Every structure is written in C-alpha cells, then in structure tokens.
Amino acid sequence: MTTLAPYRSDRQAGRDGFTQLLRAEWTKFRTVRGWVIGMTVAMLLIVGLGALTGANSECGIQLTPTSPSLACPAPPTGPGGEWVTDSFYFVRQPLAGNGSITVRVTSLTGLYSTHGGFTPGQSPTSGMTPGLQPWSKAGIIIKASTRQGAAYAALMVTGSHGVRMQWDFTHDVAGLTGKVTAASPRWLRLTRSGGRITGYDSADGAHWTRVGTATLAGLPSTVQAGLFATSPQYSVTSKSLGGSSSTGGPTLATAAFDQLSRQGTWPAARWTGESIQNVTSQALNPAAQGYRQAGGRFTVSGSGDIAPSTADIDSVRHTLAGTFAGLIAVVLIGVMFITAEYRRGMIRTTLAASPRRGRVLAAKAVVLAAVTFAAGLVAAAVAIPLGEYLLHENGNPIPPVSALTWLQVVAGTAALLAVAAVLGLAVGTLLRRSAGAVTAVIAGIVLPYLLAITPGILPAGAEQWLVRVTPAAAFAVQQTIQQYPQVTADYTPGNGYFPLAPWAGFAVLCAWTALALALAVFVLRRRDA
Amino acid sequence: LTAVHAEWTKLRTLPGTGWLLLAAAALTAAVGAVAANSVTCPGGGCQLDPAKVSLTGIDLGQAVVAIVAVTVISGEYSTGMIRLTLAATPRRWLVLAAKAAVVSAATLVTGAVAVLASVLAGGVLLGRHGISTAYGYQALSLGSGPVLRAAAGSVLYLALIALFSLGVAAAVRDSAVAIGVVLALLYLFPIISSAVTSPGWQRHLEQLSPMTAGLYIQATANLGSLPLTPWQGLGVLAAWAAGAMLAGALLLRFRDA
C-alpha cells in the first residue's frame, strides 16, 4: 500500500507581521507619484518661503539723514552668550581685590517721553512727563569692566518692584518690597569676595538681610564699582486693525544717595561719571544723564537698561515661515493616504489582506510619520541657515542661538509636520472625504495661529488662549526667544512669544492627534469598509 | 437655463450640501459671537473695530464654503459623473457657468444669514462689554453706512470665495488638492507677510493677498491706514476669483474629462 503525500506548495506561507504591513504601506506611498511629488513640494515650499522672507527683510539705519544706510548693529553680548541691553549712567572707582560698598538711597524719581528722540537746540528733557517706569533702576553695581556686556552684579531699588539683586543680565532676585522715599529709605550693600558677590539690604541701616549671592566667572582682581541709574524705554502698544503701533520714548531715572561707605582697596582718588551706551541702547541723549556730588550726597541720572535684550528679531521664526505651506502639503498627503483607498475601493483589498484594522492604521501612521519627519528635518535644516544668511546679507543682526535650541527647532519642526500629517490621516479615516478632512485639519492648525498673530482681530486674552488649547500651540517648538519677568515688552504670539513651553505646546498637538487616531481606530473597526 | 436647473438638482440632492451650508452659517456666527464676547475693554479705552470683531467668523466660515464649492466639481470627477454631465451639455463653459450660478446663489443666501446673525450677536455682546456708542464707538447697526458696507461686503466676500474655489477645483480636479490650494492661497499670504520685515514688501503682500485684501471690506474704522480702500480690496479677491474661473474654464474646455 502506498500513501500519497498531500500536495503542498513549496512557497512559504505569507507572514502577517507588522513589518509586512509597514512594507506594504511604504510600497503604496512610494509608488503614488503625486505623494512623492507632494512631499518634495512641501520641502521646497519650506526652503523657498524661508528664502523669500529672508531676501525681503532689510534692516538699515541712517546716522544722519544724508548718510548711507548701514547694517543694523547687533546688541552687545552678555556673559551667557545672549544679546543684552547694557546702557546706564555709571559713577565708578576701581576696586582692587576684595571689598564692599554700602549706600543709602533716599529717593528715586523719573521722567518719560511719549515721543521718540529730542529736538536739537532744546534741552533733552524738555517736554517730558514726570513718572517712573516699573523697571527704572538705581543702586550699586560691581562690574568686571565698563565694556558693554561685561559680567556684573548689582543691588538696586526699582520703580515698582522693590529692592532687587540682579547679575549677569538674566538673574533676578527680589529683596525688600515697597517704594523708596525719604521717609522709608533703603540701605544697600554689595560685598566682593573672590568671584562671589553678595548683596544685603536693610530698611534702617542696622538690621541687614542677605538678598542673594552671585558667582561671576572670570571676574578680574580689579573691578569697577560704584553707583548707577538707568530707566528702560517707555512703550505703549496700541493694537488696531491693520497692525499694532507702538508709541513710546526714552525715559530718565534720578536717584539720590548718601551715607556712602567703602571697605577694601580703592586706589583712585575720586569718582568718575560715565554714560555707558551705544546706538542700539534706545536711551536718552547722554547730555541729560550725569551725576552731582555735594558733600556726602550723590544724585545720579541715567537712561537705558541693564537686562537681556528682547527687542531682537526672531530670525529662526522668520526663516521658518514656510512651515505653514509645508504643513498644508503634508496634511494633504496624510489625508489622501487613506481617502484615496476609499475612493478607489483599495481599502477593501487592504482590509481583506490584513483583517486587523487597527494595525493597518498604525502601519500607515508609522510610514507617514517617518517619511514626513525625514522630509521636514532636511527642509528645516536647510531653510534656517539659508534664511539666516539672506537676513544677514540684508543687514539684519542674527541673534545667537545655542546648539540645543537649534536642534529643538529643527527636530521640533520636523516632528510638528509628522504629527500634523498623522492628524490628517486620522481625520481622513474618520470622514472618508478628502475635502472635509483637509479643511478640518488646516482650519484647526493654521487658522488659530493666523488669528492669534494678526493684530487687531482678537483681544490679547483670546490670542493667548488660541495658542494654548488648539493644535496651533505646537508652533511653540519654533520659539527661540525668551520672556523675562524683569523686562517689560510686548509678549504676544504675534511677536513670537508663546504662552506654553516648546515641548508642552507640541504635546497639545500630540494630544489632539492621539484623540483623533483613537477615534479613527474605533470607527474603522466598527464600520463597513 | 436647463443647465442651471440640472446643477441645482445635483446640489440639492447631495446629502452633505445642506449640512455644510448650515455649518458654514453656524460656525461664522458662533466664532463671531465668541470673539465679540472675549473683548474686555472696561471704560472703552481700546481701539477696535466693532464690525470687524463681530465678523471674525468669516475667517472660518469661508473654509466651509470652499468645501461646498470644491465638491460641486471635484465630486463629479471622483465619481465619473463629469463624463455624463459633459455628454449631456457639450458646451462645457455653460456647465461651469451653471455651477457658478448655483453655488454663488447658495453661498449668498447662507452668507446673508451668517452675517446677519453675526452682526446681531456682535451688537448685543459688544454692547455688554463696553463697546457702545456711549464710549464713542460706531453703532453696530445695519442702518449706518460703513457697517452696512461691511456686512453686505462680507456676504459678497463669501460668494467670491466660492467662485474662487470652484475655479481652482475645475483646474486641478482632485478635491483634496483643490481645497489645499484654496486654503493655502487664503491663509498663507497673511502669515508670510507677517514674517517679512520690510514694510514695503509687507504692504505689497497684503495688497496681493486674496484674504487680507478681501477682508478690508469689513473695516469701518481707521480706513486711512489700509493699503487699499475696502472696495479695492474686495476687487483684489474678485480678480483672484476671475483668474481661477478663467483657468478652470480653459482647462475644462481643452482637457479630456
């Protein structure tokens, strides 16, 4: 008796692994010419529009009406590498080695101008209104040198933020609260010991409280120490349709000091007064600043600010303006990646080949996200240097950006595009209609951003809210400029300031996408294809 | 006229059209009401344009109108219906003209409802937040010339957006690509112009932008600061719409369906 072996095909059984699914979806993606072209167009749009904004953003200043236009100067750089404003009136003496300086402040008053500049032939302070700015500052300072941007530590009274100790531009610690008057003066003391400077304040000259200790790197053995006064630009931004207009002008702070005492080696015989400023300072004419000494009493008037600079151009955001165009292109591809299957009936084949529908959608999402991330990474990495080069050629100073921030912006932009494409895929699965899905995603991401940055459409509260809860919050990953509580500025989305931290904003988009994707999986499983 | 009747039947019997038009009106009015309600201006010291704030919803409503207009022609391409339509009416420009007539009529009606609701809601809500004639703001009533111009102009704006979308859809055929192109042209200009720092270029981009220039029609205050007059602005959008329709008609005429 012979047994017949049943026929078996010598081809191996097809495997149902996730890798196979990924491969299938990748094959679909790469063989549809329109999608490959679309992805290329997205990259070209990001780079091209970045180049366009860079090429059409000139910056120039004229020192006199007839002189040729010069490139806008870059602000001085602080010890941390950031741009700073370092402009004040300095009454100083060298201090050799360790020592301390103590003084009593009995008054702080100010003047401000609601119009910029001054008319030649008139006193620089003519037409100014009495009044202090919240961050008008006067007090004692120890600074490595008189160079702008040099390391320093200062203890000061302010217009409406009490006593403060600030050092190296970005650090700010609060001391005694309340305004300084003749009835409630403030004693201030700075003590230098090697690289450490400690600030103490007191309301009566007998009981002292430590405010803070600054460790300044590379402080030379002989430093400049003394009294200072400064007062930042007065500015009121009124938003109206068509744009926001800022009115404002320079301001002046005047402080009265007495009971000055010093310890340590002070080699110079007398005090030197000097206005520290340059063309970017936005300070009042040096002629209005100065100091008077009568007996033990000093009166110091100064204008400008000692703080991080917030007026700089956010060059990274300008060079990435094309992200929005790229975003629209990748959302289109994301939506069509699924709606095209419905339109052609291909979805039935796809789902018959792999009946576990959730995995099909997951494979699509992975392929789409990977391709978009790669394309976005290349586009952003090209667009930023190209755009910055063009901005620089047009006279714009380029703010220093750390390598880590640069990486955050490039990777963040690529991730933003990838997640937005997946959001398109999820909404496309839900709606099965391309027009509706494309509109829903674009209106959900681009429109809130547009409404938030265009001045004069919505009130400030609504603008902040829009870039907090809608997917547009993700554009916070492109923010390279920082908000400082010790600097008054117009911190709005239109100026590039987002209310959420970069990756928190990105998480908002991810949350929306996760929600849409979960709904899409649920619906895809329940529904007939 | 038979062609118009045929197009009307098609539009009327599609299940989505009614819902979309209703959504366009509801979203326009709702966004306008939310914007008006979010105004905080105690004492009336802030500069804002009451008509523009109440009509903010148009920014979103136009996207829904664009879906309707794009679907009117792209839907036919995706189902193959276009071959039947063109066989029935061999004069192809007539098909496009009939579609344009039907879509713009539907949009005008929807737009009128949406704008009327926005202005009424805006009047009540802004009045509650201190934006009223008592503080020197213009009354938000259709009786005043500029507000009437803003309201009527916004209705026309929506109709022009519909024609623009129809033209683009006739040219590119695929609905996803068509809506993508329309929304990109509407939303990208203002974003790019905000990123360019040269005031001259910014002005040029705003003058060219179909959305920014077109919405100048809503301005009732500070007209002098605009790069174009309100009607010139609407004219820019009309030029975009005419250009898109022309391109669509030519491609429809000379291309295989």
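A salt bridge is a side-chain nitrogen of Lys or Arg within 4 Å of a carboxyl oxygen of Asp or Glu. The legends below use this term for a predicted model, in which local features need pLDDT of at least 70 and side-chain atom pairs count only at pLDDT 80 or more, while totals for chains, interfaces and linings use all residues. Residues are numbered from 1 along each chain as its sequence is written, chains are lettered from A and ligands numbered from 1 in the order in which they are written, and side-chain values use heavy atoms, with hydrogens and water left out.

**View 1. Glu25(A), Lys28(A), Glu341(A) and Lys364(A) are linked in a network of salt bridges.** Helices (H or I, at least four residues) and strands (E, at least two) are DSSP runs, numbered from the N terminus. Lys28(A) is buried, at a relative accessible area of 16%, and Glu25(A) is also buried, at 1%. Buried means under 20% relative accessible area, exposed over 50%, and partly exposed in between (1.4 Å probe, protein chains only). Over all chains, the structure holds 14 salt bridges.

**View 2. Asp86(A) forms a salt bridge with Lys143(A).** The closest N and O atoms of the two are 2.7 Å apart. Asp86(A) is in strand E3 (residues 84–86) of chain A and Lys143(A) in strand E6 (residues 137–143) of chain A, so the pair ties together parts 57 residues apart in sequence. Both Asp86(A) and Lys143(A) are buried.

**View 3. Asp172(A) and Arg164(A) meet in a salt bridge.** The distance from N to O is 2.9 Å. Asp172(A) is partly exposed, with 23% relative accessibility, whereas Arg164(A) is buried at 16%. Side chains of opposite charge can pair when their charged atoms come close.

**View 4. Arg192(A) is buried yet has no salt bridge.** This residue has its place in strand E10 (residues 186–193) of chain A. The nearest side chain of opposite charge, Asp168(A), is 12 Å away; Lys and Arg count as positive and Asp and Glu as negative, with His and the chain ends not counted. The Arg192(A) side chain does reach the backbone oxygen of Pro220(A), at 3.0 Å. Residues that Arg192(A) touches include Gly97(A), Asn98(A), Ile142(A) and Leu219(A), leaving out residues up to four places away in sequence. Contact means heavy atoms within 4.5 Å.

**View 5. Chain A and chain B meet through 36 residues of chain A and 37 residues of chain B.** Together they bury about 3,200 Å², 73% of it on carbon and sulfur atoms. Buried area is the accessible area (1.4 Å probe) that two parts lose on being put together, summed over both. The rule finds one salt bridge across this interface: the side chains of Arg343(A) and Asp174(B) meet at 2.8 Å, N to O. On the side of chain A that touches chain B, the elements giving two or more residues are helix H2 (33–55), strand E14 (234–240), helix H4 (323–344) and helix H8 (434–453) of chain A. H8(A) gives the most, with 13 residues.

Notes. Polar contact = N/O pair within 3.5 Å; in protein donor to acceptor, adjacent residues only side chain to side chain.
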